[in-house]
Amino acid sequence: MHPGDQTIFALSSGRPPSAIAVVRMSGPQAGRALQLLAGKIPSARFATRVLLRSAEGQPIDDAVVLWFPSPASATGEDVAEFHVHGSRAVLAALFGVLSDIEGVRAAEPGEFTRRAFENGKLDLTEAEGLDDLIHADTERQRRQALRQLTGLLGDKARAWRQQIIDAAALIEAGIDFSDEGDVPGELMTPALAKVTILLGEIEQALASAGKSERLRDGLVVAIAGPPNVGKSTLMNHLARREVAIVSPHAGTTRDLIEVQLDLDGYPVTLIDTAGIRDTADPVEQEGVRRAKARAADADLVLWLDDGESGHLPEQGAARVWRIRTKVDLGEAGVAEARPGAIASSAFQISARRGDGIAELIAAIVGFAQDFFGTGEAVLITRERQRALLADTASSLRRSLDMAGVGEELAAEELRRAALGLGRLLGRVDVEDILDVIFREFCIGK
């Protein structure tokens, strides 16, 4: 049986136990299942209270059901929803009845959204926005994902594609009907004007792509420095909970400790690293190696020292801020930046007492603002989108270059550009990436 001919079901709410659980079905057998369990198919899009019963007539639960006939549903298919009490026993009984219906099976991850995509309810950029919205941890990630889900990039790409088709039609009309009296003799000039404007818009979108892609992953901040300078204490202070062991003994932290933070809506991965020093302990040597590697890959390194650690080590391309710690133990001078550092700042803190922590957090938030930008008008949020738009821009440039060589070559490059935008929307030649995208979704979405 073709997957589209099968009816799928899944728990679409949180894990049990819960007050209410939502079980969703989509496919040709959804109405039959609703008739079997509820005894009737209720009015479309009206919540109806019913007593769900098994095929043998045994009560399952006092529930609310909804019916969404195709095509006016989230997936474009017949959809039924069962709002039941969220106990494991109720769900097990309901799933058992649904599984016994011929042509009905449990859904795979992302299968509801994939059916919505295949039935034209959303394009691929909107599906990616939905995935990002599901996994959003911060307010800024949520806003960016919601803009994609509501068609920010998809609507723009459809408009761009239509402009390319219009330009290509002008060029091809000049080729095919050059001898016709009612066809303008010079169609290449307005066509190239359209392409030039369109290319500028796409290049502008590509110029701001990196920051929005990074907002999905977050800013990586590594806390580094020699042993016993307060790295773990600062980690706990920033995380506002005990995530790292604090000890007066050097070498306590031997592996990387990561915690996810929300700083003013910006996603931040904070990493506590092993104290960097020369040691004969092979386990600690590995911790030092990992600490150096992670700090080099970070976006920002907070290098802690208590005034006795000497110069900052090389940290690759990462921004480095020098943090003078333990200022509660005595007079601390302003820390000097290491010559050659990509960026340096001087802070004086007491991680134990909290001195200077608020100022440090504010500085990290400011760094994040510069790093990510506002992102309000950013169209591109994924590498796939960026790559396809870059290919489209290349095709548009070639069409402009080919205009003086041959109209047929310019028209062919425009066809390639339109194809690239079609792939961006998921309407042509994307079977090889659909599984990769939709398997990242949770079951029931």
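**Entry 1: two helices.** I started with helix H1 (residues 30-38) and helix H2 (residues 88-99), which pack at an angle of about 130° with their axes 11 Å apart. The model is predicted, so I note that local features need pLDDT of at least 70, side-chain atom pairs count only at pLDDT 80 or more, and totals for chains, interfaces and linings use all residues. Residues are numbered from 1 along each chain, and side-chain values use heavy atoms, without hydrogens and water.

Helices here are DSSP runs of H or I with at least four residues, and strands are E runs with at least two, numbered from the N terminus. Axes are lines fitted to C-alpha atoms, for helices over the stretch in contact, and angles run from 0 to 180 degrees between N-to-C directions.

**Entry 2: who touches whom.** Which residues of H1 meet H2? I found Ala33, Leu36 and Leu37 in H1 meeting Leu94, Val97 and Leu98 in H2; contact means heavy atoms within 4.5 Å. By class, that contact has six nonpolar, no polar and no charged residues. (Nonpolar covers Ala, Val, Leu, Ile, Met, Phe, Trp, Tyr, Cys and Pro; charged covers Asp, Glu, Lys and Arg; the others, Gly among them, are polar.)

**Entry 3: Glu258.** I looked up Glu258 and found it in strand E8 (residues 257-263). Glu258 is partly exposed, with a relative accessible area of 43%. Buried means under 20%, exposed over 50%, partly exposed in between (1.4 Å probe, protein chains only).

**Entry 4: whole protein.** I noted 14 helices and 12 strands. Of the 445 residues, 47% count as buried.
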